[in-house]
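Have the structure open while reading.

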Amino acid sequence: MAGTPTLAVAAERIRVRLSGAVQGVGMRPFVHRLATQCGLSGFVSNGADGVTIEVEGSRTADFLTRLTAERPPLASIDHLGVETVPQTGGAGFVIRQSTGGTVTTRIVADAATCADCLRELFDPASRFFHYPFVNCTHCGPRYTITRRLPYDRPQTSMAGFPMCPACAADYADPANRRFHAEPIACPACGPRLSHPIKLIAETVRGGGIVALKGIGGFHLMCDARNEPAVAALRQRKGREAKPFAVMVANLASLDAIVRPTAVEAALAASSASPIVLMDAIPGALAASVSPGLARLGMILAYTPLHHLLFAERAGGAASPFALVATSANPGGEPLVVDDADAERRLHGIADLIVTHDRPIVIRADDSVMQVIAGAPSYLRRARGGVPDPIELAEDGPAVLALGAHLKSTVTVTRGREAFVSQHIGDLDTAETVRFWTETIDHLLSILDVRPDRVVCDLHPDYRSSQLADRFGLPVIRVQHHAAHIAAIAAEHRLTGPVLGLALDGHGLGPNGEAWGGEMLRVDGAGWRALGHLATLPLPGGDRAAREPWRMGVAALHAIGQGATAAARFPTHPLAGPLAARLASGPQPIVTSSLGRLFDAVAALLGVRTVQAYEGQAAMELEALVRTPRTTPNGWTWDGNRLSFAPFLAALDSHDPQSGAELFHGTLIAGLTEMALAGAAASGISTICIGGGCAMNRVLTEGLAASLTASGLTPILARQLPPNDGGLSLGQAVMARLTPARGD
Ligand code: ZN
Ligand code: ZN
Ligand code: FE
């Protein structure tokens with residue numbers, strides 16, 4: 001309306017305190033620019049607990065709104081405190097020198113090249129034109145180059161690269177996007193690549209295999225459309241069938257290969273830049289990229305070097321590059337990170353080893369994610385995810401949690417924050433154990449934490465359990481599946497008692513049982529079992545996990561069809577003798593593991609009888625499912641045991657696809673009945689779904705929907721993988737709630 005009077009707002013001075021990921025992300029130049037635009041005077045400074053701002057003028061409300069709405073892309077504000085302080089007058093806005101002392105705030109995670117840097121990378125007028133290490137405060141390496149806090153260039157692996165005058169000017173200019181960008185570098189002063197981009201592209205185009213040093217380690221890359229190249233990579237790396245991830249230039253190049261949903265595409269394009277599982281278009285790539293699976297792990301180019309490689313190929317190519325991009329970790333050992341190591345360990349695998357002179361301080365594999373029930377979920381958490389802390393519900397003592405044995409991670413807690421390490425790997429080799437030790441040392445040192453207790457798994461054979469005593473601290477041992485459930489409850493900040501379905505491969509029960517299909521009530525450090533899957537014999541122990549036909553025979557024995565074993569497994573001459581031994585010989589241990597039940601079903605359906613990698617049979621079974629369907633009366637629940645014997649007894653009448661669909665649907669229905677019974681008995685309706693089998697999307701989505709429809713509240717793993725990669729968080733929170741000796 002015409003004539004509305006403009007209100008004259010009185011000037012005021014406010015003090016704003018920000019905490020969270022607010023340092024090393026371009027917050028101060030952003031605040032400087034914003035305050036100047038709002039016509040405010042005052043200052044911004046970094047301190048021990050975050051960022052402090054004082055602004056004075058009449059547009060402070062406007063400033064506050066835009067402060068959160070327009071914050072830099074990598075910043076996340078956990079707490080924002082505002083108070084009014086006396087006005088001091090004065091003009092202009094300044095960035096004050098950091099107040100020395102201890103800086104306890106965070107290092108942020110490594111981030112994919114931002115749009116501004118990408119523009120400069122291909123702008124002939126920019127001094128960063130075609131420079132493979134361009135970065136700014138909105139992108140680039142962080143965690144993987146940081147030796148210790150505070151996060152300043154001399155504390156990173158950029159210490160050996162003195163800034164040139166142009167970089168120094170950008171670094172010191174509050175109006176510049178690179179103000180205090182610690183990894184700032186340009187062709188005049190920064191790291192250099194060992195080989196020309198053109199040679200790398202030619203090697204790949206010619207069917208060769210390239211080892212490429214990246215952010216958290218080396219990748220092995222080859223043309224994903226070239227079957228002989230992919231097969232050669234499998235053969236040289238000693239990786240028979242485990243799926244490879246595929247890198248493409250950008251979102252648009254996904255469409256020829258996969259059918260991403262909007263959520264999957266957004267996740268792939270996020271600054272964390274994980275590998276994201278997406279439905280594959282059959283025949284788009286070489287068959288041996290991801291044999292037997294319906295989804296492909298896709299990742300977008302996330303460093304300037306990747307972008308240059310794809311751009312080099314773009315000229316004159318028949319189809320755009322799609323590159324296998326797999327971690328260079330021969331023999332299951334940790335990712336190769338240093339140059340001498342690369343020569344030694346990748347010689348004979350790669351035709352060309354491409355390196356650069358910016359050292360990688362901490363290894364980090366690519367993170368792997370999928371979308372479950374409409375939201376992202378981890379399969380492996382590493383680069384881009386670490387070291388962002390998980391905020392806990394409550395304060396507590398500092399503890400060090402050592403994780404499991406396979407896919408291990410460690411967790412260190414500090415106050416209300418839990419820092420879960422990147423994926424470390426299987427603690428089967430001396431190299432991996434060394435990486436595990438280094439990760440613990442690095443985490444404790446950058447966090448400046450002295451734990452007062454250590455926590456590990458009950459299993460005495462886990463390497464992590466065996467090393468627990470070396471820290472000279474009280475050791476708490478926590479049951480594997482209780483820790484799985486506690487981890488999920490913790491990331492959702494649930495403090496009351498919860499029910500949990502631990503759907504897992506293997507874990508030791510409190511009396512030496514082989515568990516993996518349990519319903520538990522977990523309350524703080526206390527827990528008890530309310531139900532189990534019916535057990536099956538575990539013939540051959542660990543061998544049963546590698547050879548699903550053994551579980552197939554065990555299942556036949558359990559349902560009284562042992563006599564058919566030889567006929568059902570004609571290619572496994574030991575099947576008949578094994579069935580005979582189960583019928584009359586000494587009995588093997590039994591297991592309630594859902595993972596082993598998946599193996600049994602996959603074997604009996606003829607989907608897979610011997611696995612090349614852990615979980616292969618279950619993943620191939622899942623890949624066959626279009627719509628899960630339920631076999632009525634396919635299960636029984638007797639108040640303690642959930643048995644799928646009726647379903648197994650009818651399995652020989654189904655082809656692989658319908659068998660897989662009926663198994664998933666029946667499993668969902670049976671688990672729902674068990675959960676409803678547990679909820680009725682305990683009065684708890686919150687059901688955490690954890691364990692390695694929760695990475696099965698068909699199972700977890702179906703179960704979550706079914707529990708919801710039954711009036712229960714399913715809780716899924718979101719910030720950590722549901723498998724052993726998230727176990728250390730559960731161990732940590734349970735240990736924090738365990739009274740220390742003498743309490
Ligand atoms: Zn950038
Ligand atoms: Zn420079
Ligand atoms: Fe587990």
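This is a predicted model: local features need pLDDT of at least 70, side-chain atom pairs count only at pLDDT 80 or more; totals for chains, interfaces and linings use all residues.

The points below cover a zinc site, an iron site, aromatic contacts and helix H1.

**Zinc site (ligand 2)**

- Four cysteines supply the protein donors of the zinc ion (ligand 2): Cys164, Cys167, Cys186 and Cys189, each through SG.
- These SG atoms lie 2.2 to 2.3 Å from the zinc ion.
- The arrangement is tetrahedral, because the 4 donor atoms subtend angles of 100 to 120°, and four donors count as tetrahedral if all angles lie between 85 and 135 degrees.
- Along the sequence, the zinc donors follow the spacing C-x2-C-x18-C-x2-C.
- Cys164 and Cys186 link distant parts of the chain, 22 residues apart.
- Cys164 sits in the loop between helix H3 (115-121) and helix H4 (165-172), while Cys186 sits in the loop between H4 and helix H5 (197-205).
- Cys164 has a relative accessible area of 12%, so it is buried.
- Cys186 is at 3% relative accessibility and therefore counts as buried.

**Iron site (ligand 3)**

- His480 (NE2), His484 (NE2), Asp504 (OD) and Asp724 (OD) coordinate the iron ion (ligand 3).
- Their distances to the iron ion are 2.1 to 2.2 Å.
- The site of the iron ion is irregular, with angles of 88 to 174° among its 4 donor atoms.
- The spacing of the iron donors along the chain is H-x3-H-x19-D-x219-D.
- His484 and Asp504 link distant parts of the chain, 20 residues apart.
- His484 belongs to helix H12 (residues 480-491), and Asp504 to strand S22 (residues 498-508).
- His484 is buried because its relative accessible area is 1%.
- Asp504 has 3% relative accessibility, so it also counts as buried.

**Aromatic contacts**

- The structure holds 5 aromatic pairs.
- In one of them, the rings of Trp515 and Trp527 have centres 5.9 Å apart and planes at 80°, so this pair is edge-to-face.
- The pair links distant parts of the chain, with Trp515 in strand S23 (residues 514-523) and Trp527 in strand S24 (residues 526-533), 12 residues apart.
- Buried or partly exposed? Trp515 is buried, at a relative accessible area of 7%, whereas Trp527 is partly exposed, at 26%.

**Charges over rings**

- Arg96 lies over the face of Phe43, 3.7 Å from the ring centre.
- Arg234 places its charged end over the ring of Phe244, at 4.1 Å from the ring's centre.

**Helix H1**

- Helix H1 spans residues 27-37.
- How many of its 11 residues are buried? The count is 8, so H1 is largely enclosed by the rest of the structure.
- The buried residues of H1 are Met27, Arg28, Pro29, Phe30, Val31, His32, Leu34 and Ala35.
- What covers these residues includes the strands S1 (12-21), S2 (41-47), S3 (50-57), S4 (76-85) and S5 (93-95).
- Helix H2 (60-69) is also included in that cover.

How values were computed. Residues are numbered from 1 along each chain as its sequence is written. Chains are lettered from A and ligands numbered from 1 in the order in which they are written. Side-chain values use heavy atoms; hydrogens and water are left out. Donors are N, O and S atoms within 2.8 Å of the metal (3.2 Å for Na, K and Ca); water is not among the atoms, so sites may look incomplete. Four donors count as tetrahedral if all angles lie between 85 and 135 degrees; four count as square planar and six as octahedral if opposite donors are over 155 degrees apart and all others between 65 and 115; anything else is irregular. Helices (H or I, at least four residues) and strands (E, at least two) are DSSP runs, numbered from the N terminus. Buried means under 20% relative accessible area, exposed over 50%, partly exposed in between (1.4 Å probe, protein chains only). Contact means heavy atoms within 4.5 Å. Rings of Phe, Tyr and Trp (its six-membered ring) pair if their centres lie within 6.5 Å; planes under 30 degrees apart count as stacked, over 60 as edge-to-face and the rest as tilted. A charge sits over a ring if NZ of Lys or CZ of Arg is within 6 Å of the ring centre and within 35 degrees of the ring normal.
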